[in-house]
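Dear colleague,

Please find the structure below, handed over for your records. My notes on it follow.

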Amino acid sequence: MVMAAKSIVCFSVNDWSDIPSSKFHIMRHLAKDHRVLFIETLGVRHPQLSSKDAKRALMKLRKSFSGVRKVERNIYVWSPLAIPYHGFPFINWINSRIVATMVKRLMAKLEMTAPIIWSYLPNAIDIIERLPASRTVYHCIDDYAEFTDVPKAAFEQIEKRMLRKADVTVVSSKVLYERKKLHANRITYIPHGINLTEFRACLSRSVNLSDIDDIKTPIAGFVGRVADWVDLPLIARCARELPDWEFVIVGPSIVPLDQYQAISNIRFLGRKEYQQIPHYIERFDVCLMPFVNSRLVESVNPLKMYEYLAIGRPVV
């Protein structure tokens with residue numbers, strides 16, 4: 001597909017401040033020649049009555065009212081205010097009208113005319129249908145209907161509409177290709193990758209790794225978000241059966257960790273800056289891919305595997 005347009009409106013599944021993933025790297029690369037309006041997540045799962053979801057809602061409210069913000073050269077970020085209850089026609093109608101109106105205003109402000117619409121979210125379809133576009137790209141990197149707390153039937157129907165609407169669907173795994181090809185207008189498989197030069201260049205920079213400096217070797221390590229697709233019971237079992245190994249987890253968690261923090265040779269170091277990640281991987285003797293066996297995991301092509309290999313570490 002020839003990208004003649006000079007503007008891109010990207011509907012992301014994550015916020016810009018989230019841990020960098022393929023969508024951030026792709027938009028940063030495209031921003032070298034295109035003006036990018038990066039629209040933060042509309043939400044995928046139904047919110048719960050919890051303090052965590054309440055705090056997130058308040059944060060989204062503040063960010064939405066702060067307007068569009070320039071974060072890098074040619075990259076402008078906006079956080080939409082939407083009701084994350086998918087599959088309800090009236091709510092979808094409200095969301096699409098409000099968000100599409102705001103996006104059109106931002107496009108006018110940024111002098112975008114008929115941009116490329118590049119969506120990582122199938123549930124942006126009602127908004128996208130209200131926007132002028134030169135082309136529409138659906139970049140499918142996960143099987144969203146398989147996420148916990150997502151209305152599966154509603155998402156499957158929403159995604160079928162997105163697949164038919166998109167001029168091209170890009171999938172990051174062969175499993176996704178097989179699952180989505182039936183309904184796609186046009187589909188192509190492009191696996192994740194990594195900029196070896198930039199990623200390895202991080203190792204030449206001095207960083208503070210005080211939280212891993214005192215951890216004895218050998219180290220089995222994992223970098224990434226700790227969620228219900230990470231097999232924490234398996235890590236715990238390995239830690240108990242291999243007491244001479246240290247198991248180091250680098251990344252934010254969205255699941256309870258209390259029972260695992262009690263195991264002396266498991267260390268949770270939390271989220272780190274992207275520039276620090278190659279340094280942590282370099283400290284690992286073995287890198288881990290400890291995923292549960294599920295339909296969601298079957299469909300992924302983990303970026304972290306390429307990051308591990310880029311530093312020359314064995315992967316289990």
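I begin with the cysteines. Cysteine 287 counts as buried because its relative accessibility is 0%, where buried means under 20% relative accessible area, exposed over 50% and partly exposed in between (1.4 Å probe, protein chains only). Cysteine 238, at 28% relative accessibility, counts as partly exposed. The structure holds zero disulfides, a disulfide being a pair of cysteine sulfur atoms within 2.5 Å.

Please note that this is a predicted model, in which local features need pLDDT of at least 70 and side-chain atom pairs count only at pLDDT 80 or more, while totals for chains, interfaces and linings use all residues. Residues are numbered from 1 along each chain as its sequence is written, and side-chain values use heavy atoms, with hydrogens and water left out.

Cysteine 287 lies in β12, where it stands opposite glycine 221. Helices (H or I, at least four residues) and strands (E, at least two) are DSSP runs, numbered from the N terminus; two strands pair if DSSP finds at least two bridges between them. Strand β9 (residues 219-223) is joined to β12 by two bridges in the parallel sense. Both belong to an open sheet of four strands with parallel pairing, ordered β11-β10-β9-β12. The edges are β11 (266-270) and β12 (286-287); each has a single partner strand, so one side of each is left without a neighbour in the sheet.

Helix α13 (residues 303-310) packs on this sheet and touches β9 and β12, its direction making about 135° with that of β9. Contact here means heavy atoms within 4.5 Å; axes are lines fitted to C-alpha atoms, for helices over the stretch in contact, and angles run from 0 to 180 degrees between N-to-C directions. Buried residues of α13 are Leu303, Lys304, Glu307, Tyr308 and Ala310. They cover an arc of only 165° around the axis, which puts them on the same side of α13; the arc is that of the directions from the helix axis to the C-beta atoms. Their cover includes α1 (22-30), α7 (196-201), β9, α11 (277-283) and β12. Just after α13, glycine 312 has a positive phi of about 80°.

Strand β5 (residues 116-119) pairs in the parallel sense with strand β1 (residues 7-11) over four bridges, and valine 9 stands opposite isoleucine 117. A parallel pairing over four bridges also links β5 to strand β6 (residues 135-140), with valine 137 as the bridge partner of tryptophan 118.

Finally, the nonpolar cores, each a set of buried Ala, Val, Leu, Ile, Met, Phe, Trp, Tyr and Cys residues joined through side-chain atoms within 4.5 Å. The largest has 57 residues, of which Val9, Phe11, Met27, Leu37, Phe38 and Val103 touch the most other members. Helix α3 (residues 89-109) gives the most to this core, with five residues. A second, separate core of 37 residues includes Ile212, Tyr280, Phe284 and Tyr308.

With kind regards
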